[in-house]
Amino acid sequence: MPDLADGVARFQRDVFPAKADLFARLATHHTPHTLFIGCSDARVVPELITQGEPGELFVVRTAGNLVPAYTPGANGVTASIEYAVAVLGVSDIVVCGHSACGAMTALAEGHDLSGAPVVADWLRHADAALARTAGMAAGPQKTAALVRQNVYAQLANLATHPSVARAFAEGGVTLHGWVFDIAGGRIERLDAAGAGAALVS
Ligand SMILES: [Zn+2]
């Protein structure tokens with residue numbers, strides 16, 4: 001395993017001193033402007049691709065950037081969304097999919113997930129997106145289409161959370177759908193043409 005301590009030492013020596021004032025303020029203030037929901041994929045790093053400073057993004061990362069539709073009861077994704085929206089009062093929420101997503105590729109190509117049953121169950125939260133691409137033959141085009149449809153589907157799921165619905169109704173939050181292209185470093189902003197996209201700006 002690479003020695004993470006080397007990175008920590010570099011941070012403390014080369015990075016932190018220039019941001020010491022920022023961290024001093026952040027020590028007592030937590031006011032992120034955006035809830036960023038992205039994939040756990042190691043190649044999709046929210047603060048890097050947005051060039052956000054510490055304190056700006058409240059980040060939730062899940063396999064496939066999936067957001068289960070609201071159900072009563074405690075779970076980590078729902079609690080994090082509620083905290084960001086109802087307590088911290090973020091003004092924007094980004095759901096960010098990405099190219100070459102392992103979760104979306106597995107669904108688009110019908111991979112055997114019997115060796116990862118929890119993953120298979122988790123990916124059911126993308127059923128609506130998968131249904132919208134059901135007529136396409138498996139291949140890169142279907143995977144790319146599924147990545148986009150999945151962002152729309154997860155925005156729709158997000159809107160079922162009471163904290164988000166309340167903030168949205170009051171005009172207090174704006175939802176955005178993004179797709180990050182790993183090879184080109186580009187962000188595609190999804191427009192209102194997709195299903196459920198009335199929520200997207
Ligand atoms: Zn992914």
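**A few notes on this predicted model**

1. Setting aside residues up to four places away in sequence, valine 85 touches Leu35, Val90, Ser163, Val164, Ala167 and Val173. Please keep in mind throughout that this is a predicted model.

2. Now for the annotated site. The UniProt record, an unreviewed entry, carries a "binding site" annotation on Cys39, Asp41, His98 and Cys101. Although these residues span 63 residues in sequence, no two of their C-alpha atoms are more than 9.0 Å apart, so they gather at one spot.

3. Aspartate 41 is worth a look on its own. Its place is the loop between β1 (34-39) and α3 (46-50). Is aspartate 41 buried or exposed? It has 20 other C-beta atoms within 10 Å, and the cut-off for buried is 20 or more, so aspartate 41 counts as buried. Beyond its neighbours within four places in sequence, aspartate 41 is in contact with His98, Cys101 and Gly102. Two of these, His98 and Cys101, also carry the "binding site" annotation from the record.

4. Cysteine 101 lies in another loop, the one between β3 (92-98) and α5 (102-108). With 26 other C-beta atoms within 10 Å, cysteine 101 is buried. Which residues does it contact, leaving aside neighbours within four places in sequence? They are Cys39, Asp41, Gly64 and Val147.

5. Finally, step back to the whole chain. The domain assignment gives domain 1 (1-30) and domain 2 (32-199). Their centres, taken over C-alpha atoms, are separated by 29 Å. The contact between them takes 4 residues from domain 1 and 5 residues from domain 2. On the side of domain 1 that touches domain 2, the residues divide into 3 nonpolar, 1 polar and no charged.

How values were computed
Residues numbered from 1 in each chain as written. Predicted model: local features only at pLDDT ≥ 70, side-chain atom pairs only at ≥ 80, totals over all residues. UniProt positions renumbered as here; feature names shortened; annotations may be inferred. Helix = DSSP H or I, 4+ residues; strand = E, 2+ residues; numbered from the N terminus. Buried ≥ 20, exposed ≤ 12 C-beta atoms within 10 Å, placed from the backbone. Contact = placed C-beta atoms within 7 Å. Domains from an automatic or database assignment. Nonpolar A, V, L, I, M, F, W, Y, C, P; charged D, E, K, R; others polar.
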